Amino acid sequence: MHKLKPTTALGADKPQIDQFDGLEIAERPDFALASLAARQGAEAQCAELAKAHLGFDLPAAGQGHLADPHSGFWMGADQWMISAPQASHEDLAAALKTAVGDAGSVSEQTDGWCRFDLSGPGLKAVVERLCNADLTSMALGDARRVRLEHLGCFIWCLDPGQAVAILGPRSSAASLHHALVGAALSAL
Amino acid sequence: MNQINRLAGGQINRAKELSFRFDGRSFKGYEGDTLASALLANGERLMGRSFKYHRPRGVLTAGSEEPNALVELRQGNRQEPNTRATVAELFEGLEASAQNAWPSLRFDAMAVNDRFSNFLTAGFYYKTFMWPKPFWEKVYEPIIRKAAGLGSISFEEDPDLYDKGFLHCDLLIIGAGPTGLAAALTAGRSGARVILADEDFRMGGRLNAETLALGDASGSDWAAEALAELASLDNVRLMTRTTVIGAFDHGIYGAVERVQDHLPQAIADKPRQILWRIYSRKAMLCAGAMERPIAFADNDRPGVMLASAVRSYVNRWAAAPAQEIAIFTNNDDGHRTAADLIARGVKVPAVIDVRADAPAVVGAELLAGAEVIGTEGRLGLTSVTVRLANGQTRKIKCGALAVSGGWNPNLHLTCHQRGRPQWNAELAAFVPGPDLPSGMTVAGAANGQLSTARALAGGATGAIAALDDLGISASAIDVPQAEDAPIALKPFWHVQGGKSRAWVDLQNDVTVKDVKLAHQENFVSVEHLKRYTTLGMATDQGKTSNMLGLAVMAELTGKSIPETGTTIFRPPYTPVPMGTMAGRATGKHFHPTRKTPSHHWAEEQGAVFTEVGDWLRAQWFPRQGETHWRQSVDREVLQTRKSVGVCDVTTLGKIDVQGKDAATFLNKVYANAFAKLPVGKVRYGLMLREDGIAYDDGTAARLAEDHFVVTTTTANAVLAYRNMEFARQCLFPDLDVQLISTTEAWAQYAVAGPNARKLLEKVVDADVDISNEGFPFMACGEITVCGGLRARLFRISFSGELAYEIAVPTRYGDALVRALMEAGEEFEVTPYGTEALGVMRIEKGHAAGNELNGTTTALNLGLGRMVSKKKDCIGNTLSEREGLSDESGLRLVGFKPVSATEPVTAGAHLMNASGEISASTDQGYITSACFSPNLGCSIGIGFLKDGANRLGEVLRAANPLEGSTVEVEVVSAHFIDPEGERLRA
Amino acid sequence: MFKKYALRVLFGKFVRLPNSVVLWGLVACLGSLSVLVVFLSKSGAVPALLSCFSMGAINEGAMAYSGLRIIKEALSGHKGWKPAWRDPEPKGHYDIVIVGGGGHGLATAYYLASRYQTARVAVLEKGWIGGGNVGRNTTIVRSNYLLDGNQSFYNLSLRMWEDLEQDLNYNAMVSQRGILNLVHTDAQRDAARRRGNAMILAGDDAELLDTDGVRELYPFLNFENARFPIKGGLLHRRGGTVRHDAVAWGYARGADRRGVDIIQNCEVTGFKIESGKCLGVETTRGFIGAGKVGVAVAGSSSRVMQKAGLRLPLESHVLQAFVSEGLKPVIPGVITYGAGHFYCSQSDKGGLVFGGDIDMYNTYAQRGNLPVVEDVLESGISLIPALGRVRLLRSWGGIMDMSMDGSPFIDRTPIDGLYFNGGWCYGGFKATPASGLCFAHLMATDTPHEVARAYRLDRFRSGHMIDEKGQGAQPNLH
Amino acid sequence: MMIDHPLLGLRDAQEFTYLGDASLIDRPDWQAENAQEAFHDYLYLRDNPAGEHRELWFHETGDRSWLVVTRNTLTHEITKVELARDVARARGRSK
């Protein structure tokens, strides 16, 4: 095992957790991410192989799937984001590539993003200060790409109306975190 | 004299008495008061001064359309100019001061302007102040600027927070009067998602200001009941203190919620105001109507008010504007006012009704067919002079005059997408036209349905219709019985004759005379009228003046009002604090801050950071004893070239390009060829715009037959990705290629210098061969480091030294830089920042942002040969245009000062050694310059006409901006190791 | 410190008098003048006096505008003011017809009549004159250009602004308050230096300020808490503002006085073109024949020229502009943020006049959307945090003829007798005098004016772009 | 403005980056006789209509798809939204 010690997106060795009256904001460094894009003409084959490996159908536009170990959501035309626990899937991308072979293009995305999970009854009040995602229209697993404090982020429904994951560009983790905390302080 | 004009009753909380100060004096009021109602209750009518003539002014209205009663609210860094006393909620300790008056509100020296009003007519300033020529800017204008303006600011940073938010609904209802409430009840009960927004702090609109009954309840009680039900529905959101300021495309509305303006102290972390972006599927405008004044001589004295405002103050706020209130009207509303006043025990000396056939009044004298032709009272109305039907005049003593000239529907939002109102002769007013913003309907008074009964019905049926369009079925609610008075109005705009001026726009001091002058000078189009006289340009946006001005102009032109024109309204509906429109993204948080993986480590090293786009990058790393940045940068450069240096280059854009056609695709987007690039190799690539201009450069590394990693400049990462997606989706849709940005996923470091290999050998795993043979210049590969961590290694060099770039997943970036520095200790490795990076690339003559300035071609950059003529690629065809392929055009070359101590300056223009220094003799310009510690002098690169053929020539680098001209020698841009032996070592 | 600053801006740079003196100075000068006139009118000397005091417009005699004229009119009930321009019926034929009664069209007509002695000229306006961009811009004039091809043109234009009022006998309130373009990075400073040098070499003025230099002029900018620190600025002292409407009216009045027919509410519906020559225009008020037709219709360029079968290298976009409620003096000059979309000045009336970037999509609707408003204000408050409580009063939109390289066209068209003036992007206002003069020159002499040679319609064919911003063939980025 | 994304439904136009006339899809053949002339017209000349306009929008903070939006430049009414890739194929663009 290599000797390099990881840091979280916020630059610490432990994830940041913030509590508010009605909301918890938790930094989640413990997920591996990989993007999967179907090759032209191999879309069906890619879907088949991916399903065999992941255990679920590649989600339709705007939708996603939550399960253990693999979860995923639709990211763009013929393109998905796949997620799995980092501890067990450090090599998520490699494994996924092996599974889909020439039917798909896979890129490691684990550290392209930072992830904050927002949960609690105050969720709606806070999200409506952050972005134009309409929580009431989001079902379990649904994911939207939104503009949040000038950042392109994914908002991923973990528990309708109760919990979402927000994935943002890792380099801007501190700015994203500041926005989340600011909105929570303001709205709750 | 405590609240001498306070009446009984009203919707104020007498249990909560509040103290406040206005214009340096202390007063008392109650919770539920506005500043205006509290001042009236205290017998204060004088509240402001007009813009131009500094005439004493009192409150005209009871709403946001107020043109007169503007004050500076609060103190210090929260000082707020031009606040309307009519909408400022009273709070304990409120401090307000008069504005645009000196030395005091009661005695304003500038009121002398009024004496000279005859010289200061509309547009007088266009006709004078031209002589003597220099006087305009040196004398006249400074005086005018000083005299102009209204309130003043503190010049200190606004300490408050502002927020933004996003809401979604099926139906947005704008205005919570009878119409809006009926609509909200209808829609709310249907289960639709409803937002009901009202600018007031108490919903109910006119129901709170009138004594009308709805069914067997009073209007305000019915409103309270309706609101209680609405509050109990989860699908309904009630937004008080929320002004819908704009109707934008496709059902998007802007709304401003005043969260804390009514609180004495700001609550930490909470916003003062919130700008909501409301995404609505349908919207109903239920904004009611605004009463309009009548123009007559001296109609601007404190005490002259709109009749509806008088009713609001008396009924809602239990504040009588005066002990004796006369009424001047052209419609039955005036009579309603009389009845309300009499009922509250306020004396009504006379009802002056321009209609000869005016209905009788109980409890007050009716002067039918009479007109007010003058008023008296310096700081407040004492009497009005009336011309009776029989032609005689009579003076009537009164402290206030309630004026009603009819009603204008509040159709402002219907115009926000350039929709034009229509004339309605019955109302003598404009009503919403056919071309409304998509998804919007209008109901109630805003739609010309002025009676309460019609308002209620309009709201209910309007909501049903709107929801029906959405496939939501709502059932009719039982609307209560309410007055359904017909419109009884005689169009009447201004009293003819009268010695003194009659005001049309009170705040901007536009009088009937000014409108006449505009007409005389052919400024007859409404837009000309407005711009020439400033009619309607005041902070009330013409809400109380535009119609009047239009009517007067119509009389003068002999045309009808609709023929004369309409005025349309633009956002915002009422003025909005600039801070509110800005929200949170200001100051340090104006843009997100992107930090590199080594950021924390660099902070530990005491690095100085610089902004590169949204990135923060280490600029240099000062060491003990270094007192000037140049010392640090020189050391970093020398040490890197002598031994080895490490630099975080993560910010370069990285794009994963995969697919069996990946190579074909890169052939299209790069000017040079990539099809034959072997796996395991990197190639420098130049990207052109379709117009043939070079816009970005970088490298593409082939990790597999069907997998490239493309790097772009930091600045163009987003643009390059967008352009590549355009090529992929729009130009070459059948190529099998997939793109995704991996910029953030990998931490990447340059390790440069003679000892770079030795250093890396200690970091990469044993089985990785990075010898010159095993891993030659421009090699690349996927390897492992530090005991098995996946990494990518590229042997590329920006510095011109033996160099590698090594990348690991970002979370390990911090650990990797520490590992590299540790491994480098024996070589005295130095971290280097963007300055040293810049110096070394200039020493090598590599183009960067300053050279890729959007006007330079590959030819200019000396890379003409890279543009392949054998294949199609973006930009190659148009790069061959005559203007871009001039053989003696600009070429990138280097410059050295003739005398080594002189500076070479970026931005200097190149002139021949002799001859004049001017634009016409311009030979080019220096793009980048620095001090080269290796050459011991400052050097530069830049573009020179026919540069390639002028090596050795001496030129002058002219920098008149900073008063210097330096002799420079034209040299090759490759100052160091032109053969490139070092990087192949 | 702020109070001290406030005082300084209050009284302006040159006048440092206590409040009352300024006030009574104004009173005294008006007062004494009126006394003088009353006295002189008895002695019958008024007409003579008026004509010799009528400020460089002697030719207009007693019709001329002047301080004395105002006093005279004031004392005689303002009966003597004549229409600023007539509303004549269109004639059947003119030597030159200008399509577009905006700043450029009216200026062209004025210079045709005043400098090129063109006898019969008409300006056709579909609505009311001055209703387009000349009445919708943010009133800035400047000559701070980088590229050959632009420099001499804007240099001339700014010099013409400096003499405009005396030339027109109309106070357009030309006010050279100075324009400051801020820089926030070293690369921006390098670019500013290159530009500043280019300006000086072309005969314009420029100064490179450091942070303290900026602080001296604008102490209340965000120096302490900025995301992108202010590292200096390029100051162009001769730049400033002009009362935009007055420019249109002044040119209209001047042209009208010289016999130009200004025809409002007359929309051009087509061109009469026979064997490659333009013979006149079809309008909503009938056919109007013309020896030459010049089109200067800014945002409507494509729609109008399409009637002549021409496609242009430009797109129409909306630029929003904003004004705040009136304030006592805050901002003495014009200031432009270098790290976001915001520029601001203060009108003589007291409103802050500001703007930012265009809405980005093609449009002919004179209105914008919310994102740009928010973007402009984010930038504005980030630069000037003291404006947080100042209220935005009004917003509006103007349609910009955004060209493919950000630079304009003043050129013949492939159709004989049809000329085109456009592509001004959002820089049209400051160009008004030179644009009018050069367009007049081109139409009168059939040769391009020397300072406008580069503004050819076919420059993209030959690859001679004039791209100040280096954005390439994407109009909305210029 | 709201753009009815073929895959995602109504999205705020603020998520998109605007390019311009959809004719930019019709990139000329580089080997044609009059290639330079054709490229000039392709890149520089615009209909710039007052009315219906087919235009390219990139869903930058979205799914990264290029769309062809049919929008009225006088009213901003949007009547049709297509994936640019489908349009490009329909116009016979290939490799």
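I count two strands as paired if DSSP finds at least two bridges between them. Helices (H or I, at least four residues) and strands (E, at least two) are DSSP runs, numbered from the N terminus.

This is a predicted model, so I note the limits: local features need pLDDT of at least 70, side-chain atom pairs count only at pLDDT 80 or more, and totals for chains, interfaces and linings use all residues. Residues are numbered from 1 along each chain as its sequence is written, while chains are lettered from A and ligands numbered from 1 in the order in which they are written.

**Entry 1: hairpins in chain C**

I started with β9 (residues 268-274) and β10 (residues 277-283) of chain C, which run antiparallel and are joined by six bridges. Ile273(C) has Cys278(C) in β10(C) as its bridge partner. Two residues lie between the strands of this hairpin, and Ser275(C) there takes a positive phi near 40°.

I then followed β10(C) onward. Four bridges join β10(C) to β11 (residues 286-295) of chain C, again running antiparallel. The hairpin between β10(C) and β11(C) passes through two residues. Opposite Glu282(C), I found Phe287(C) in β11(C).

**Entry 2: a sheet with strands from two chains**

I traced an open sheet of nine strands with mixed pairing, in the order β31(B)-β16(C)-β12(C)-β15(C)-β14(C)-β13(C)-β4(C)-β6(C)-β5(C). Which strands are at the edges? They are β31 of chain B and β5 (207-209) of chain C, each of which pairs on one side only.

At the chain B end, β31 (residues 576-577) of chain B pairs with β16 (residues 391-403) of chain C in the antiparallel sense over two bridges. Val576(B) stands opposite Leu392(C) in that pairing. Further along, β13 (residues 334-336) and β14 (residues 343-346) of chain C also pair in the antiparallel sense over two bridges, with Tyr343(C) as the bridge partner of Thr336(C).

I also looked at what covers the sheet. Helix α11 (residues 370-383) of chain C lies across β12, β14, β15 and β16 of chain C and runs at about 135° to β15(C). Axes are lines fitted to C-alpha atoms, for helices over the stretch in contact, and angles run from 0 to 180 degrees between N-to-C directions.

**Entry 3: a covered strand in chain B**

Is β24 (residues 400-404) of chain B mostly covered or mostly open? I found it mostly covered, with five of its five residues buried (20 or more other C-beta atoms within 10 Å of a residue's own, C-beta atoms being placed from the backbone). Ala400(B), Ala402(B) and Ser404(B) point one way, while Leu401(B) and Val403(B) point the other way.

β24(B) pairs in the parallel sense with β17 (residues 304-306) of chain B over three bridges, and with β18 (residues 325-329) of chain B over five bridges. Val403(B) is the bridge partner of Leu306(B) and of Phe328(B).

**Entry 4: two helices in chain C**

I checked α6 (residues 151-168) and α12 (residues 428-445) of chain C, whose axes come within 7 Å and cross at roughly 100°. The two helices are therefore roughly perpendicular to each other (65 to 115 degrees). Among the residues making the contact (C-beta atoms, placed from the backbone, within 7 Å) are Phe153(C) and Trp161(C) of α6(C) and Pro433(C) and Leu437(C) of α12(C). By class, the contact has 10 nonpolar residues, one polar and one charged. Ala, Val, Leu, Ile, Met, Phe, Trp, Tyr, Cys and Pro count as nonpolar, Asp, Glu, Lys and Arg as charged, and the others, Gly among them, as polar.

**Entry 5: contacts between chains**

Which of the five pairs of chains in contact shares the most contacts? It is chains B and C, where 105 residues of chain C touch 108 residues of chain B. Helix α7 (residues 186-201) of chain C gives the largest share of the chain C side, nine residues. That side has 50 nonpolar, 34 polar and 21 charged residues.

Chain C also touches chain D, with 22 residues of chain C in contact with 18 of chain D. I found no contact between chain A and chain C, and their closest C-alpha atoms lie 10 Å apart.

Definitions and conventions
Two residues are in contact if their C-beta atoms, placed from the backbone, lie within 7 Å. Angles under 35 degrees count as roughly parallel, over 145 as roughly antiparallel, 65 to 115 as roughly perpendicular and the rest as oblique. A residue is buried if 20 or more other C-beta atoms lie within 10 Å of its own, exposed if 12 or fewer, and partly exposed in between; C-beta atoms are placed from the backbone.
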